[in-house]
Amino acid sequence: MRLLGMVLVGATFYAFEIPNYFDWIVKKTQYLKGIKATLSKTLLAILYFNPLWIARHLLFIKIFSGQFEAIGFHLLEIAFWSFLVNIPISFIANYIIQNQFKLKWRFLGSAIFSAIMAIYYALSDTLFS
């Protein structure tokens, strides 16, 4: 059920939300040049996958795993530490995705990176509890 539920969320909610956010990044940074543009795109992408996003992802995992008793505000604390620890990795990955990939490939690049990070987010519950 967990796998099916997360696939459903990924194929619907995330599939709509993430490409639209990346389009917004492009529009927001279109007049910036050089290092300012590069860093802005990277930081805006990192900010998208913030502790609230991670907590929501953990919430989905708990719901689809049937672990309703494990849902609580502690998921925000786990998400905060998960976010802090993954900043260096996210910075490098999002730098590459936002500045090296053409817009039409950013969603795919982000989807692949997000799939890897989804494993990390699921492990965050164990690592940071």
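Predicted model: local features only at pLDDT ≥ 70, side-chain atom pairs only at ≥ 80, totals over all residues.

Analyst: Residues are numbered from 1 along each chain as its sequence is written, and side-chain values use heavy atoms, with hydrogens and water left out.

User: What volume does the largest pocket have?

Analyst: On a 1 Å grid over the protein atoms alone, a pocket is an open set of points with protein on both sides within 12 Å along at least five of seven lines, and its lining residues have an atom within 4 Å of a point. Grid points are joined across faces, edges and corners, and the volume is the space filled by probe spheres set on the points. For the largest pocket this comes to about 370 Å³.

User: Which residues are closest to the centre of the largest pocket?

Analyst: The lining consists of 21 residues. Closest to the centre are Tyr14, His57, Ser114, Ala115 and Ala118.

User: Which helix gives the most to the lining of the largest pocket?

Analyst: Helices here are DSSP runs (H or I, at least four residues), numbered from the N terminus. Two or more lining residues come from each of helix 1 (2-29), helix 3 (51-65) and helix 5 (103-127). With 11 residues, the largest contribution is that of helix 5.

User: How many residues in the lining of the largest pocket are nonpolar?

Analyst: Ala, Val, Leu, Ile, Met, Phe, Trp, Tyr, Cys and Pro count as nonpolar, Asp, Glu, Lys and Arg as charged, and the others, Gly among them, as polar. The lining has 1 charged and 5 polar residues. The number of nonpolar residues is 15.

User: Is Ala115 buried or partly exposed?

Analyst: Ala115 lies in helix 5. Buried means under 20% relative accessible area, exposed over 50%, and partly exposed in between (1.4 Å probe, protein chains only). Because the relative accessible area of Ala115 is 45%, this residue is partly exposed.

User: Which helix gives the most to the nonpolar patch?

Analyst: A patch is made of residues with over 30% relative accessible area and no salt bridge, with nonpolar side chains (Val, Leu, Ile, Met, Phe, Trp, Tyr) joined within 5 Å. Ile35, Leu39, Leu43, Phe91, Ile92, Tyr95 and Ile96 make one of about 620 Å². At least two of its residues come from each of helix 2 (34-48) and helix 4 (74-100). The most, 4 residues, come from helix 4.

User: Which residue meets Arg56 in a salt bridge?

Analyst: A salt bridge is a side-chain nitrogen of Lys or Arg within 4 Å of a carboxyl oxygen of Asp or Glu, and the whole structure has 2. Arg56 in helix 3 is paired with a residue of helix 1, 39 residues apart. The N to O distance is 2.8 Å, and the partner is Glu17.

User: How many residues apart in sequence are Lys62 and Asp125?

Analyst: Their side chains meet in a salt bridge of 2.3 Å, N to O. Lys62 is in helix 3 and Asp125 in helix 5, so the pair ties together parts of the chain whose separation in sequence is 63 residues.

User: How far apart in space are Ser90 and Ile46?

Analyst: Ser90 lies in helix 4 and counts as buried because its relative accessibility is 6%. Ser90 and Ile46 are 44 residues apart in sequence, and their C-alpha to C-alpha distance is 6.4 Å.

Technical notes: 1 Å grid on protein atoms, 1.4 Å probe; cavity = no way out; pocket = protein on both sides within 12 Å on 5 of 7 lines; lining within 4 Å. Patch = residues over 30% accessible without salt bridge, like charges linked within 9 Å, V, L, I, M, F, W, Y side chains within 5 Å. Areas by Shrake-Rupley, 256 points an atom, 1.4 Å probe, with all protein chains shown as cover.
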